[in-house]
Amino acid sequence: MKIYPDVLCKTIEYLKKLPGVGEKSAERMALSLIDMNEDDVSSLSKALIDSKCKLHKCSICSSLTENDICDVCEQAKNQIRNKNIICVLEDYKSVFAFERAGKYNGTYHVLNGLISPIDGIGPDDININSLVKRVNELDNPELIIALKSTIEGEATTLYIKKIFEKKNVEI
């Protein structure tokens, strides 16, 4: 038996694609959207489209930004942050977590994945080459490797350590 009109079912199905959103939560959200005024729904739609269309990877660290370079890299350029300290992270979501804490004053480098031979992901499939280039351009660079303590995270960490073992890089 069909409970909701087709257009509402479609909305519920799309909301269920969001992480942590099950059937009941998706239903509540969809029904709440119907109760919102048209301007708010329109603004929400525009914000979603803008997020998808305007956000891209920073040309320096690969974090998420609307500009050519992200705010953190811009601050490093302006010597507000220490550009010689780079925290290596798996994804841009981790950057937001570190920034939310508000205690770190270095920069970031987002790998956009981890080495996983089982899944066919090697060093050339993630953002390691640009990390090497960045580090080579710095004086007394320091890397903070903040990756998951999984097999993939450990493999990636070991690979990065191996790359820089004979260079003047503190890890």
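This is a predicted model: local features need pLDDT of at least 70, side-chain atom pairs count only at pLDDT 80 or more; totals for chains, interfaces and linings use all residues.
Local features need pLDDT of at least 70 and side-chain atom pairs pLDDT 80 or more, whereas totals for chains, interfaces and linings use all residues. Residues are numbered from 1 along each chain as its sequence is written, and side-chain values use heavy atoms, with hydrogens and water left out.

Colleague: Is Glu 90 buried or exposed?
Modeller: Glu 90 is in the loop between β3 (85-89) and α5 (92-101). Buried means under 20% relative accessible area, exposed over 50% and partly exposed in between (1.4 Å probe, protein chains only). Because its relative accessibility is 17%, Glu 90 counts as buried.

Colleague: How many disulfides does the structure hold?
Modeller: A disulfide is a pair of cysteine sulfur atoms within 2.5 Å. For Cys 53, the closest cysteine sulfur, in Cys 58, is 20 Å away and therefore too far for a bond. Cys 61 is in no disulfide either, as the nearest cysteine sulfur, that of Cys 70, lies 3.6 Å away. The number of disulfides is zero.

Colleague: Is Cys 61 buried or exposed?
Modeller: Cys 53, at 61% relative accessibility, counts as exposed. The relative accessibility of Cys 61 is 1%, so Cys 61 counts as buried.

Definitions and conventions. Helices (H or I, at least four residues) and strands (E, at least two) are DSSP runs, numbered from the N terminus.
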